[in-house]
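Keep the 3D view handy as you read.

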Amino acid sequence: MKNQILILLAGFFATQIQAQTLTTIVPDSNDSRVITTGVPFTLIAPDARAASMGDMGVATSVDVFSQQWNSSKYAFSEVKQGIGVSYTPYLSKLVNDIFLGNITYFNRLNEQSSFAASFKYFSLGDIELVQDEFSQALVERPNELTFDVSYSLKLSEQFAMSVAMRYLRSDLKINAVDPDTKAASTFGADISGYYQSEEEAYNSFNGRTRLGFAIQNIGPKFKYDEGGQENFQPTTLRLGGGFDFILDDYNKISVTAEVTKLLVPTPPVTGSLIEYEEVNGEEGYQEGEDTRVSVVPNYIIEGKDPNVGFFKGMFQSFGDAPGGFSEEIKEFTWALGAEYKYQDSFAFRAGYFNEAEDKGARKFFAIGAGFTYNVIGIDLSYLFSASKVQSPLENTLRFSLTFNIGSGAYTEY
């Protein structure tokens, strides 16, 4: 009996050795940790005031372009309604026909609520296609756009919330190459809140606290073509706070800080999983073969699978970085901005924006000014890159024009 058991065990181990499998993981050479999304143009600051303060707006004081950052601020507007138009040249050092345009309208309906709508258009310029020297050039104009509406409501004297709905359309295909191509489209939503304290008296000045949050572009993934991969929208979390130093009836200095994070899964560290399996003598293999090799591409070495739904991806984005907590912190960008106003007729602004080196390396200083006469306001901003990676908006002058209708219709505190 013992001899039979020994024979069985010997046969078992011989089979295990014969069928032994060895694995090797070869990491991919591309170890980029930059998070990419669809319609990235929605992350470009469309108005000069926000751009001059370091691309921030979730907790700054209300203005016409609050729709782009935190639409709940409209509930605190002292102006009945307003219209804003802005123009941002893009890659202005190389071309002159790529730009971002925006038009915004808001109306404070009553003491408690407001409505706003905006249209944003990103033109990638004219692309000429020439088949040969005898053919007439075909001109294509790829573009992207968004249209959104919002409604904000005061929940108390000092706090308001808002919901915005957005339609996004991306038409980047070249019809001359593929006449059956269609523009990609999807929809998204924003949820935001804004707190503005009463004006409080200090020793030598009065002050006011501002706090804001926003979760923007919450919506389903989309494809640029039928056979392509699904792309996340640039779902973004914004948190900010600021304080107004009201020196007297004519002079006010505002300082604001803001942090943002893309609520999109981090790309994992991937590689090729190579399996070497001993198959000598197995059925189906020719005599002399002793090893079977199989390759599993895109094998996740570190991190989590990013192929999840947009809602799960929002929560997963807080804990899926391959580098752990230290890498998650790097995915937050931050900005500091300041604004000086004189008699609400002149403003000077400055700001700084920072992003981690291995997450995009956007770092820049910005300055700007604003002028208001009667109901018309003009804002300008200029960007100086502070990164080794050149910004497409470097040395770019942006313009915004606003019309405030019904100034003084409401008084806050």
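Strand 15 gives the largest share of the lining of the second largest pocket, 3 residues. Before going further, note that this is a predicted model, where local features need pLDDT of at least 70 and side-chain atom pairs count only at pLDDT 80 or more, while totals for chains, interfaces and linings use all residues. Residues are numbered from 1 along each chain as its sequence is written, and side-chain values use heavy atoms, with hydrogens and water left out.

Some terms, then. Strands (E, at least two residues) and helices (H or I, at least four) are DSSP runs numbered from the N terminus. On a 1 Å grid over the protein atoms alone, a pocket is an open set of points with protein on both sides within 12 Å along at least five of seven lines, a cavity is a set where a 1.4 Å probe fits but cannot get out, and lining residues have an atom within 4 Å of a point. A volume is the space filled by probe spheres set on the points, with grid points joined across faces, edges and corners.

Back to that second largest pocket: its volume is about 1,000 Å³. It is lined by 40 residues, and Pro40, Leu43, Ile44, Glu355 and Arg362 lie nearest its centre. The elements giving two or more residues to this lining are strand 14, strand 15, strand 20 and strand 21. By class, the lining has 20 nonpolar, 10 polar and 10 charged residues (Ala, Val, Leu, Ile, Met, Phe, Trp, Tyr, Cys and Pro count as nonpolar, Asp, Glu, Lys and Arg as charged, and the others, Gly among them, as polar).

Now for the largest pocket, with a volume of about 1,200 Å³. Its lining takes in 44 residues, with Val62, Glu78, Lys252, Lys341 and Asp344 nearest the centre. The elements that contribute two or more residues are strand 14 (236-246), strand 15 (251-262), strand 19 (346-354), strand 20 (363-373), strand 21 (376-385) and strand 22 (397-407). Strand 22 supplies the largest share, 4 residues. Sorted by class, the lining of the largest pocket holds 14 nonpolar, 15 polar and 15 charged residues.

Zoom out to the chain itself. You'll find 4 helices and 22 strands. Of the 413 residues, 44% are buried (buried is under 20% relative accessible area, exposed over 50%, partly exposed in between, with a 1.4 Å probe and protein chains only). Take the contacts (heavy atoms within 4.5 Å) between residues at least 6 apart in sequence: 61% of them join residues at least 24 apart. The accessible surface comes to about 21,700 Å², and carbon and sulfur atoms own 59% of it; this area comes from the Shrake-Rupley method with a 1.4 Å probe, and for residues only the protein chains shown count as cover.

Next, the rings. The structure holds 17 aromatic pairs, meaning rings of Phe, Tyr and Trp (its six-membered ring) with centres within 6.5 Å; planes under 30 degrees apart count as stacked, over 60 as edge-to-face and the rest as tilted. Why is the pair of Tyr74 and Phe106 called stacked? The ring centres are 4.7 Å apart and the planes sit at 15°, so the pair meets that label. Tyr74 lies in the loop between helix 2 (48-52) and strand 2 (79-89), and Phe106 in strand 3 (residues 99-108), so the pair ties together parts 32 residues apart in sequence. Tyr74 is buried at a relative accessible area of 0%, and Phe106 is buried too, at 2%.

Phe346 and Phe371 make a tilted pair, 5.6 Å centre to centre with 50° between the planes. The pair links distant parts of the chain, with Phe346 in strand 19 and Phe371 in strand 20, 25 residues apart. Phe346 is partly exposed at 32% relative accessibility, and Phe371 is partly exposed at 41%. Elsewhere, ring pairs link Tyr202, Phe205, Phe243 and Phe245 into a cluster.

The whole structure has 4 cavities of 30 Å³ or more. The largest cavity holds about 140 Å³, and among its 15 lining residues, Thr42, Gln68, Lys120, Gln216 and Arg238 lie nearest the centre. Strand 11 (206-218) and strand 14 are the elements that give two or more residues to this lining.
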